[in-house]
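Visitor: I would like to learn how to read a model of this kind, one feature after another. Could we begin with the terms and then turn to the case itself?

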Amino acid sequence: MFTPHTPHEIDAMLKAIGVNSIEELFIQVPAKHRFPELNLPEPLTEMEIASDLKEISSANASTEDFISFLGAGAYNHYIPAAVDMILRRGEFYTAYTPYQPEISQGTLQAIFEFQSLMTELTGMDVSNASHYDGATAAAEASNLAYHYFRGKRKKIVVSRAVNPQYRETIRTYLQGFDDVLVIGDEETINDKIESQDLIPFIDRDTAIVLVQYPDFFGRVIDYTKLVEVAHAAGALVAFIFNPTALGLLKTPRAFDADIAVGDGQPLGIPLSFGGPYLGIFTVKDKFVRKLAGRLVGETIDHDGKRAFVLTLTAREQHIRRERSTSNICTNQGLMALAATIYLSLLGKEGFRQVANLCYQKAHYAAKKISALKGFDLAYSNTHFFHEFVVKTPQPVRQINLRLQDHWVLGGYDLSQAYPELENHMLIAVTEKLSKHDIDDFVSALEEVTGV
Amino acid sequence: MSESTIYELSQSGRKGITFPEPDVPLTPLPKDFLRESLSLPELSEFDVVRHFTNLSKLNYSIDGGFYPLGSCTMKYNPKINEEVARLPGFANTHPLQPIVSIQGNLYLMYQLQEWLQEISGFHRVCLTPAAGAQGELVGALIIRKYHQINKDFRRKKILIPDSAHGTNPATSSMSGFKVIPLASDAQGNVDLDVLKTECDETLAGLMLTNPNTLGLFDENVEEVIRLVHQAGGLVYGDGANLNALLGVLRPGDIGFDIMHFNLHKTFSTPHGGGGPGSGPVGVSKALSEYLPSPIITIIEEGDEEKPPFFGFYKPELTIGTMKAFYGHFGIHIRAFAYIAMHGSKGLRDIAEKAVLNANYLMTKIKKDYVLPFNRPCMHEFVVEGAWKDIPDIHALDIGKRLMDYGFHPPTNYFPLIVNEALMIEPTETESKQTLDDFAKAMKAIAEEARENPELLHKAPYTTPVRRCDEVKAAKDLILRCLVPEK
């Protein structure tokens, strides 16, 4: 399909090699299993696959046609046209890892700018070139802490108000170390979803404490005391942040976090059914040599001209092999580029505007919904950013199914991950929703719950 | 050619994309939680577009030229893939929508699982791993859990050939295993005698790349697998080099227990300047309940009236969750389109032309370069980037000089078992003319090495920047732009 060889060229090449047929090049492959007939459909032309995929995609309901109040780790923000136009440049997306700096300055400088933006956003000293997503960044933060203490501290304390998928990912990543204990978020501890409830878990055996900011329920919580206690015990603290929230809110660094990780999807990356997204990974200076993943640094070339290169590569798997602390090899290059373009386009003013719009619209929605009969704001005494929890008069699943008839995708059903939160909906509001959309949602909620 | 950074271009007060004023009554901001300042750059939209356009011009890419980076399979990325991945019905779906509203996505993922199973001969495939390295982690964790479930706690040792990618040993130690490097024999195969001495009751498994990173098909592969199985271990296949085997051999058919795919290599999803990749994992029937969650499955069979109803399945003995949500769906769409456009014959054609191109190029280059393993290769081959009679010329010099001839250098200094390795993978999408031009450049450089070695030491001359001071970069550690005073 994409092989350019003419029969004449094939003959000439075979002759040069000194074989009679292409098949002869495969004689080392066990004959019994060589050249199996694969049971796949007949090949399609480009025109046919374009049409087929359009049809498949139309079997979905998307946020294009529905107004969506889903968040819980993936957010529907406006993406300026210029982001994708630039991403589509073949010079960016058909290049690979910038191993050869002389012919990769575009990618290298873009990553350097990404690192700069991430450190500015979080207040941290160092950002790497990115990880797969927020969940794996959180897992790598735990991994970093475990190795930082050379395996001597065995406890990873994680809040139950951290995204449930992130907590699962942390456990998956760390299962290879028999003695590690991930603790603090057990289901049996009823209602332990307040940050201060983590304090009793923290001791001299604690490697790291992980909290989310704003937390999974959208709440903005003052972690000052928690960080103090963790640091007094000698443990590290990681914040899992939402980047849009940092357009308004205090940085993780302002709370003295040692590591700040998050998912960069809200920064110009489409929802795309959950991926590819962008893992942001930032740390204080002193952890720079413990950091997993690529780093770009500034230097000069042979003529003294500024240049960018991959640096501190001796930390990484291709040099250290079994002695490296992580196997990460790629970063999310193109996604990091998207976030860099997005933040450059919005700039100081536009990014603050987006954060403020999210905050304002979410608060408007919260007021309107909690005024409905049978609906209550769940954590009414706590600040929130652009996500909040409401108690619903009926199971969320049921409400959401009915909302689809009103062209609405309702909020996340918290009972899926928190059995104690039956009839609790997590609602996210971004700048893309107008007052009109929110009012429609409120009336739809009223109608489908029949109150 | 150089480009200022976004912070250097920034002008106080300049605006880019702005948003409408709030259309809702205002709520006071939480005073105690507000940040003091946020110094993002201040640029116009045009500033930004021009900046990144200029940056892009400093990159070498497949679209722009030949990129024979060994083990990375830098083949042409069909443009239709970019179009279909951006269809609004895909790109604008939220991962937590009710499953009834995402049947298109689930159908596509289910079908891709099925196709990958058929192509590889594995029983079940999970699409979630984010990259090849994460696929490896899945594999190593499955090996660990399998032995644990069987209460075989002594099995702590993973064997890895010395030709393997660095990710293999890193993954194994990350999964709590002890790594035992395995020597290669004179033919570049796994040394069976060495292997036998390691096959004992502490053996958890073997990670094998086949064809290996020398581009050689391990002729003893069936015996290797038999020995490991006999000792109670599992065999993990690193699918990095699957491009050579499409329609040629299904790794599951010869006894591999687990393998990851690199969709960004074999199935032509773009490399993106270093990701996103995608590393689905296939396993044998015996391991199918160990895969990460979720797997896409049919919840309700369809009939003539209605299509099947798709949903998620969590395997019973699952090692867990590798990341948020379901993998790199945007990449799955591209791989789906690529496989659909090829079919059985088209896939075999890929492997055949990849192997034809590599052997042809090897034949041409070996006249001037030392070929450490002189036997037919698969999709790539390794030559030495140095000559005994020319002191002081290294693989690096040759790679750098190739840039002046308009080519991306091959992978160098890998695999580690070859002196001054240059690892060359032309891929199937390159034409004979391109290969001839590249061979000509390699020949010219070999001559330059003899006649004017100094020329090579200082190469490249024609690139946006010249050789960079990596020692300085690591010593000074400037990892971010200087942000102007707030």
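Guide: A residue is called buried if 20 or more other C-beta atoms, placed from the backbone, lie within 10 Å of its own, exposed if 12 or fewer do, and partly exposed in between. By that count, 59% of the 486 residues of chain B are buried, and in chain A buried residues make up 61% of the 451 residues. This is a predicted model, in which local features need pLDDT of at least 70 and side-chain atom pairs count only at pLDDT 80 or more, while totals for chains, interfaces and linings use all residues. Residues are numbered from 1 along each chain as its sequence is written, and chains are lettered from A and ligands numbered from 1 in the order in which they are written.

Visitor: How many helices and strands are there in chain B?

Guide: Helices (H or I, at least four residues) and strands (E, at least two) are DSSP runs, numbered from the N terminus. Chain B has 14 helices and 12 strands, and its radius of gyration, taken over C-alpha atoms, is 25 Å, close to the 23 Å that the globule rule (2.2 Å times the number of residues to the power 0.38) gives for 486 residues, so chain B is as compact as a globular protein of that length. Chain A has 12 helices and 17 strands, and its C-alpha atoms fill a box of roughly 80 × 55 × 50 Å along the principal axes.

Visitor: Which residues of helix H9 of chain B are buried?

Guide: In H9(B), residues 221-230, they are B:Val221, B:Val224, B:Ile225, B:Leu227 and B:Val228. Seen down the helix axis, these buried residues fall within an arc of 160° (the arc of the directions from the axis to the C-beta atoms), so they line one face of the helix. Two residues are in contact if their C-beta atoms, placed from the backbone, lie within 7 Å; what covers the buried residues of H9(B) includes helix H8 (192-198), strand S4 (203-209) and strand S5 (234-238) of chain B. H9(B) is followed by B:Gly232, whose phi is positive, near 90°.

Visitor: Which residues have the most contacts inside the largest nonpolar core?

Guide: In soluble globular proteins, nonpolar side chains tend to be buried together. A nonpolar core is a set of buried Ala, Val, Leu, Ile, Met, Phe, Trp, Tyr and Cys residues joined through C-beta atoms within 7 Å. The largest one here has 306 residues, with A:Val209 and A:Ala238 having the most contacts inside it, and its largest share, 22 residues, comes from helix H10 (residues 333-370) of chain A. Leaving aside neighbours within four places in sequence, the contacts of A:Val209 include A:Val157, A:Leu198 and A:Ile202.

Visitor: How many residues of chain B are in contact with chain A?

Guide: There are 167 residues of chain B in contact with 165 residues of chain A. The largest share of the chain B side, 20 residues, comes from helix H10 (residues 329-365) of chain B. That side divides into 85 nonpolar, 51 polar and 31 charged residues, where Ala, Val, Leu, Ile, Met, Phe, Trp, Tyr, Cys and Pro count as nonpolar, Asp, Glu, Lys and Arg as charged, and the others, Gly among them, as polar.

Visitor: Into which domains is chain A divided?

Guide: With bounds that come from an automatic or database domain assignment, chain A is divided into domain 1 (67-79 + 348-449) and domain 2 (82-341). Their C-alpha centres lie 28 Å apart.
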